[in-house]
Amino acid sequence: MQKSILILGACGQIGTELTFALREKYGSEQVIASDIREGNENLMNSGPFELLDATNYDAIEDVVMHYEIEEVYLMAAMLSATAEKFPMRAWNLNMNSLFNILNLAKEKKISKVFWPSSIAVFGPNTPTENTPQHTIMEPSTVYGISKQSGERWCSYYFEKYGVDVRSIRYPGLISYKTLPGGGTTDYAVEIYHKALADKKYTCFLKEDTKLPMMFMDDAIKATMHIMETEVASLKIRSSYNLAAMSFTPAEISKSIQEHIPDFEIDYQPDFRQAIADSWPSSIDDTKANKDWGWKANFDLGRTTAEMLKNLK
Ligand code: AKB
């Protein structure tokens, strides 16, 4: 019998594509999508869906028991920009949802957990170029604090209770199927939509703000890969650094101009600039490469070509 999988936050930017990819691999009926609200039509028609609040332990436990769930992907979270506006709501969602899943695993009601961390775990005192796996981590954002705390808890539950939790520090993610919401790296998705619709974009970050980014296909590949990796190969139970490319708004704009020569960009930095300034410019992911063979496929040129082709 195939294993049953539950995705919490299945209607978000990562959750939507992860749901499709897992359904493709394990079968539609084996993958239960859930979220606090319904998702797009394609997602809702692609297999079983449950309305579920990730902060409600009892409700999650009911679904886990009903479908005999073995693996949970916890993708529900409040991202960096929104979390600065609602610090307590962000803390409650990001931490309570994680405790719910870690405790279900501790009670042996599920056997494997995926939890996403982020480059936001790093802070202004972290070395910005080629940021190592192990380095100074003093996040200055609510989201970053919640992700760093989450990493410590994942590691603790693994060491103390043997919980098989696996995690990746995602960079900014670029996709065309679902819009991101409330992140600082969201500009790198919006810009493609605006380039096609208006041939111009006003960026909320400065032109030379370099951030680590990744095309969604690579992020999904990494997520599924780490979950399939043999236990013995996984040496890090906080979260793995993961990299694909790094670029500035000026560089992504140039890459768009290769397809749309009259595309224009201007800059009106807002409060998200301070968040971006506290994050690394590029990431050293050699540990993920060594432990489970991680390697990205998409660079900026290929990402731009895919985004423009599919959004058209
Ligand atoms: C955000 O911008 O908040 C996220 C992230 C880098 O985790 N995309």
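Let's start with the shell around the ligand: by class it has four nonpolar, five polar and no charged residues, where Ala, Val, Leu, Ile, Met, Phe, Trp, Tyr, Cys and Pro count as nonpolar, Asp, Glu, Lys and Arg as charged, and the others, Gly among them, as polar. Please keep in mind that this is a predicted model, with local features needing pLDDT of at least 70 and side-chain atom pairs pLDDT 80 or more, while totals for chains, interfaces and linings use all residues. Numbering runs from 1 along each chain as its sequence is written, and side-chain values use heavy atoms, without hydrogens and water.

So who is in that shell? L79, S80, S118, I119, Y143, G183, T184, T185 and W279 surround the ligand, each with a heavy atom within 4 Å of it.

Now the polar contacts, meaning pairs of N or O atoms within 3.5 Å. T185 places a side-chain N or O atom 2.9 Å from a ligand nitrogen. Of the 260 Å² of accessible area that the ligand has on its own, the protein covers 93%, by the Shrake-Rupley method with a 1.4 Å probe.

Stepping back, the protein has 12 helices and 12 strands, as DSSP runs of H or I with at least four residues, and of E with at least two. Its C-alpha atoms fill a box of roughly 55 × 45 × 40 Å along the principal axes.

Key:
A polar contact is a pair of N or O atoms within 3.5 Å; within protein, one must be able to donate a hydrogen and the other to accept it, and residues adjacent in sequence count only if both atoms are side-chain atoms.
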